[in-house]
Amino acid sequence: MPRFTTCEFVNSKGRSCGSPAMRGCHFCYYHLRARPRVRQVANVDSGPRTRRDLDLAISKVISRVMNEEISTQQAAVIVCALEAAYENNTGQKVELV
C-alpha cells in the first residue's frame, strides 16, 4: 500500500482532516485553497518603540483576526513577538490584560 501524507488542517473541535495532502504540501486540495494567502511584509523595522506604537500594532492584529485574515493562533504569536520587540527596544516589561 503506498504511503502518503495527510492534510494537517485541524477543525475547531480538534479533529484533523485526514484527506491526502497535495504533493509537496501540508494540506489537501480543499484546505490549501481555503487558507488565506500569506502576504509579504515590507519595511519591517525593529518593532514598536513606544507604548502607542505597541497599542497600534496590536489593534491592527485584532482587526486582522476580526476580518478573518489571520487565525487566533497566528495573532497570539504576533502579539508575543510585538511584546518582545517592545521590551527589547525600551527595556520596559509589558503586561497586556
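The chat below goes through a predicted model, from its overall make-up to single residues.

Colleague: Before we start, what should I keep in mind about this model?

Modeller: It is a predicted model, in which local features need pLDDT of at least 70 and side-chain atom pairs count only at pLDDT 80 or more, whereas totals for chains, interfaces and linings use all residues. Residues are numbered from 1 along each chain as its sequence is written, and side-chain values use heavy atoms, with hydrogens and water left out.

Colleague: OK, how many helices and strands are in the chain?

Modeller: The chain has 3 helices and 0 strands, in the order α-α-α along the sequence, where helices (H or I, at least four residues) and strands (E, at least two) are DSSP runs numbered from the N terminus.

Colleague: And how much of the chain counts as buried?

Modeller: Of its 97 residues, 20% count as buried, buried being under 20% relative accessible area, exposed over 50% and partly exposed in between, with a 1.4 Å probe and protein chains only. The accessible surface of the chain is about 8,300 Å², and 53% of that belongs to carbon and sulfur atoms; the areas come from the Shrake-Rupley method with a 1.4 Å probe, and for residues only the protein chains shown count as cover.

Colleague: Let's take α2. What span does it reach?

Modeller: Helix α2 covers residues 51-66, and its 16 residues reach 22 Å from the first C-alpha to the last, close to the 22 Å expected at 1.5 Å a residue; the expected span is 1.5 Å times one less than the number of residues.

Colleague: Which residues of α2 are buried, and where do they fall around the axis?

Modeller: Leu54, Ala57, Ile58 and Val61 are the buried ones in α2. Seen down the axis of α2, the buried residues fall within an arc of 95 degrees, so they line one face of the helix; the arc is that of the directions from the helix axis to the C-beta atoms. On the other side of α2, Arg52, Lys60 and Met66 are exposed.

Colleague: What covers that buried side of α2?

Modeller: The cover of the buried residues of α2 includes α3, residues 72-90, and the cover of the buried residues of α3 in turn includes α2.

Colleague: So which residues of α3 are buried?

Modeller: In α3 they are Ala75, Val79, Leu82, Glu83, Ala85 and Tyr86. They cover an arc of only 165 degrees around the axis, which puts them on the same side of α3, while the face turned away from that buried side carries the exposed residues Gln73, Val77 and Asn88.

Colleague: What about phi in the loop between α2 and α3?

Modeller: Glu68 is found in that loop, and its phi is near 60 degrees, a positive value in a residue other than glycine. Glu68 is also exposed, with a relative accessible area of 69%. After α3 comes Gly91, whose phi is positive as well, near 80 degrees.

Colleague: Switching topic, how many salt bridges does the count come to?

Modeller: The count comes to 2 salt bridges, a salt bridge being a side-chain nitrogen of Lys or Arg within 4 Å of a carboxyl oxygen of Asp or Glu. One joins Arg51 to Asp55, with the closest N and O atoms 3.2 Å apart, and Arg64 forms another with Glu69, where the closest N and O atoms are also 3.2 Å apart.

Colleague: How many residues apart are Arg51 and Asp55 in the helix?

Modeller: Arg51 and Asp55 are 4 residues apart in helix α2, and are therefore separated by about one helical turn. Arg51 is partly exposed at a relative accessible area of 36%, and Asp55 is partly exposed at 37%.

Colleague: Now α1. Is His31 buried or exposed, and what is it in contact with?

Modeller: His31, which sits in helix α1 (residues 29-34), is buried, with a relative accessible area of 12%. Leaving aside its neighbours within four places in sequence, His31 is in contact with Cys7, Phe9 and Cys17, contact meaning heavy atoms within 4.5 Å.

Colleague: And Glu8, which residues does that one touch?

Modeller: Glu8 lies in the segment before α1 and touches His26 and Phe27, not counting residues up to four places away in sequence. At 47% relative accessibility, Glu8 counts as partly exposed.
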